[in-house]
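Here is a short report on how one protein chain is packed. Look over the sequence and the model first, then read on.

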Amino acid sequence: MAHVCIHWFRKGLRLHDNPALIAALKDCKELYPVFILEPYLHNTQVGINRRRFLIGALKDLDCSLRKLNSRLFVLRGKPEDVFPKLFKEWNVTKLTYEYDTEPYSLNRDEKVTSLARKHAVEVIYKISHTLYNIERIMEENGGKPPLTYKRLQAIVQKLGPPKKPISAPHLENMKDVKTPCSKKFEEKYGIPTPEELGLESTSLGEELFPGGEQEALRRLDEHVKKTAWVCCFEKPQTSPNSLSPSTTVLSPYITFGCLSARTFWWRITEVYQGRKHSNPPVSLHGQLLWREFFYTGSVGINDFNKMEGNPVCIQVDWDTNPEYLAAWREARTGFPFIDAIMTQLRQEGWIHHLARHAVACFLTRGDLWISWEEGQKIFEDLLLDGDWALNAGNWQWLSASAFFHQFFRVYSPIAFGKKTDKNGDYIKKYLPVLKKFPPKYIYEPWKAPRSVQHAAGCIVGKDYPHPIVQHEQVSKKNIQRMKEAYAKRSSNSNESPIKEQGVKRKALSVYEMPQKKIRKE
């Protein structure tokens with residue numbers, strides 16, 4: 001039977017290593033590559049950099065499809081409202097998509113799958129957003145997610161290397177496949193404009209990380225050419241405040257699916273062949289396994305992005321302080337290192353992982369004692385690589401609520417930045433109001449004599465805020481508060497959170513949906 005097929009692009013915004021797209025082309029006479037611009041993507045709370053990146057990724061995808069005599073159809077609305085109309089209008093018989101483990105996505109996909117069944121549409125989904133089938137990892141761990149990286153490593157070692165990526169479709173694959181492309185379609189299903197997504201050119205800075213598969217592959221090629229750098233790469237040894245990124249910055253491309261994680265893995269493997277190289281957890285392979293670790297946790301742990309109801313998360317009596325939270329988000333804490341990082345985040349949509357450590361610790365257990373859930377929301381809006389699972393997992397880690405339990409190790413908002421940038425060049429770049437301060441005072445401008453402040457053209461308390469807390473005092477107090485939260489956890493549980501190896505999962509997955517008319521090949 002020759003099918004009329006919709007391939008539904010969501011995160012996997014690429015042609016390479018896209019098994020669901022290849023499945024769409026099998027026995028296909030008409031192909032409709034579709035992206036649905038859901039209402040939340042119009043939300044101005046979603047950072048401007050994320051919205052701009054998405055537009056770039058969609059343009060690039062459309063361009064690649066047109067080279068195959070196809071095109072991208074961008075629709076607007078909720079998938080459960082859009083698809084029934086498409087099934088009828090286009091006489092669709094098959095729907096394919098890449099499997100997504102986020103709770104929102106599972107819920108959405110269940111609705112669409114149910115509607116497809118009612119319209120006699122066959123559904124095929126494929127796993128290609130993660131290195132492994134997450135369910136398989138949990139099966140190997142007795143049906144629960146591993147709660148330590150070492151345990152995950154042991155499991156994936158047993159499973160063997162990830163599947164090799166598959167090639168992008170080419171014209172030969174498309175010779176018997178047609179995509180209807182009328183002038184009416186051009187007008188109705190076009191790529192969203194910046195104006196449609198609420199982007200004003202005046203509010204946009206330089207686009208340092210343009211969206212799209214071609215840019216992702218170009219950057220990957222650029223990095224793997226540096227064989228010595230790839231082999232010696234150790235994440236903790238990179239700098240949080242270098243003026244240009246000291247890591248690959250491929251994470252946004254993996255988050256949006258412009259770059260396949262498996263493609264990245266195997267390109268690194270090629271570089272490693274016959275050479276001495278670093279190893280997980282600090283190597284580039286190690287970074288991809290961290291991603292897998294948090295994805296597995298997000299699937300197997302109930303309420304993964306919340307404190308309450310999350311069985312692995314320490315229950316902490318965080319403060320509610322809107323003024324502190326706003327000061328942190330808006331780079332007004334009075335600590336230049338923290339404010340420079342938050343400024344870079346807002347302007348560029350990306351910050352180094354150690355910079356994330358510094359500002360996350362500062363917001364939570366280090367200084368402001370505000371819940372990690374609040375920081376998680378802000379990062380989700382502002383980060384180009386704001387991945388739901390990684391964001392939630394890392395915030396729990398950095399607030400010492402789960403996975404990491406050495407709560408007494410607190411990042412100094414002053415000393416930490418000095419280690420790799422004594423002159424404060426990073427601060428001067430992102431906080432130009434402080435650029436004339438001498439290195440002696442750049443991290444603590446409030447300590448500068450009045451004459452120095454005048455000479456720098458910046459009076460603390462007028463041109464730049466005083467620190468909103470006294471770090472030495474509040475950090476000691478907060479360590480004590482964390483100690484009490486841990487003691488309470490221990491008294492309520494027979495096991496410490498460090499010893500727990502996992503929790504039985506209850507979360508719904510596509511695997512538990514009614515399987516009629518769904519085929520995973």
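Contact here means heavy atoms within 4.5 Å. The model is predicted, so local features need pLDDT of at least 70 and side-chain atom pairs count only at pLDDT 80 or more, while totals for chains, interfaces and linings use all residues. Residues are numbered from 1 along each chain as its sequence is written, and side-chain values use heavy atoms, with hydrogens and water left out.

**The cores**

Setting aside neighbours within four places in sequence, Phe-9 is in contact with Arg-14, Leu-15, Asn-18, Leu-21, Pro-33, Val-34, Phe-35, Leu-61, Leu-65 and Leu-72. A nonpolar core is a set of buried Ala, Val, Leu, Ile, Met, Phe, Trp, Tyr and Cys residues joined through side-chain atoms within 4.5 Å. Buried means under 20% relative accessible area, exposed over 50%, and partly exposed in between (1.4 Å probe, protein chains only). The largest nonpolar core has 74 residues. Those with the most contacts inside it are Phe-9, Leu-13, Phe-35, Phe-264 and Phe-403. A second, separate core has 56 residues, including Val-316, Phe-335, Leu-368 and Ala-456. In soluble globular proteins, nonpolar side chains tend to be buried together.

Helices (H or I, at least four residues) and strands (E, at least two) are DSSP runs, numbered from the N terminus. Ile-36 sits in strand E2, residues 28-37. Its relative accessibility is 3%, so Ile-36 counts as buried. Leaving out neighbours within four places in sequence, Ile-36 is in contact with Trp-8, Leu-41, Leu-75, Gly-77, Pro-79, Val-82 and Phe-83. Asn-310 is 274 residues from Ile-36 along the chain, and their C-alpha atoms are separated by 32 Å.

Asp-100 is in the loop between strand E4 (94-98) and helix H4 (103-118). Is Asp-100 buried or exposed? At 5% relative accessibility, Asp-100 counts as buried. Not counting residues up to four places away in sequence, Asp-100 touches Arg-10, Lys-11, Ser-105, Leu-106 and Arg-108. Asp-100 and Lys-11 are 89 residues apart in sequence, and 8.1 Å apart in space, C-alpha to C-alpha.

**Helix packing**

Two packed helices are described by the angle between their axes and the distance between the axes. Axes are lines fitted to C-alpha atoms, for helices over the stretch in contact, and angles run from 0 to 180 degrees between N-to-C directions.

| Pair | Angle | Axis distance |
|---|---|---|
| H11 (residues 261-272) and H12 (residues 284-300) | about 155 degrees | 10 Å |
| H6 (residues 149-159) and H12 | about 100 degrees | 10 Å |
| H8 (residues 213-224) and H11 | roughly 20 degrees | within 11 Å |

Angles under 35 degrees count as roughly parallel, over 145 as roughly antiparallel, 65 to 115 as roughly perpendicular and the rest as oblique.

Take H11 and H12, which pack at about 155 degrees. That angle makes H11 roughly antiparallel to H12. On the H11 side, the contact is made by Ala-261, Phe-264, Trp-265, Ile-268, Thr-269 and Tyr-272. H12 brings Leu-284, His-285, Leu-288, Leu-289 and Arg-291. By class, this contact of H11 with H12 has eight nonpolar, two polar and one charged residues. Ala, Val, Leu, Ile, Met, Phe, Trp, Tyr, Cys and Pro count as nonpolar, Asp, Glu, Lys and Arg as charged, and the others, Gly among them, as polar.

H6 and H12 are roughly perpendicular to each other. Tyr-149, Leu-152 and Val-156 of H6 meet Gly-286, Leu-289, Trp-290, Glu-292, Phe-293 and Thr-296 of H12. That contact of H6 with H12 has six nonpolar, two polar and one charged residues.

H8 and H11 are roughly parallel to each other. Leu-220, Asp-221 and Val-224 in H8 meet Thr-263, Phe-264, Arg-267, Ile-268 and Val-271 in H11. The contact of H8 with H11 divides into five nonpolar, one polar and two charged residues.

**Backbone exceptions**

Most residues other than glycine have a negative phi, and most peptide bonds are trans. Val-249 has a positive phi of about 50 degrees, although it is not a glycine. Val-249 lies in the loop between helix H9 (227-232) and helix H10 (251-255). With a relative accessible area of 3%, Val-249 is buried.

Asp-303 also has a positive phi of about 50 degrees. Asp-303 is in the loop between H12 and helix H13 (322-329). Its relative accessible area is 36%, so Asp-303 is partly exposed.

The peptide bond from Pro-280 to Pro-281 is cis, with omega near 10 degrees. Pro-281 lies in the loop between H11 and H12.
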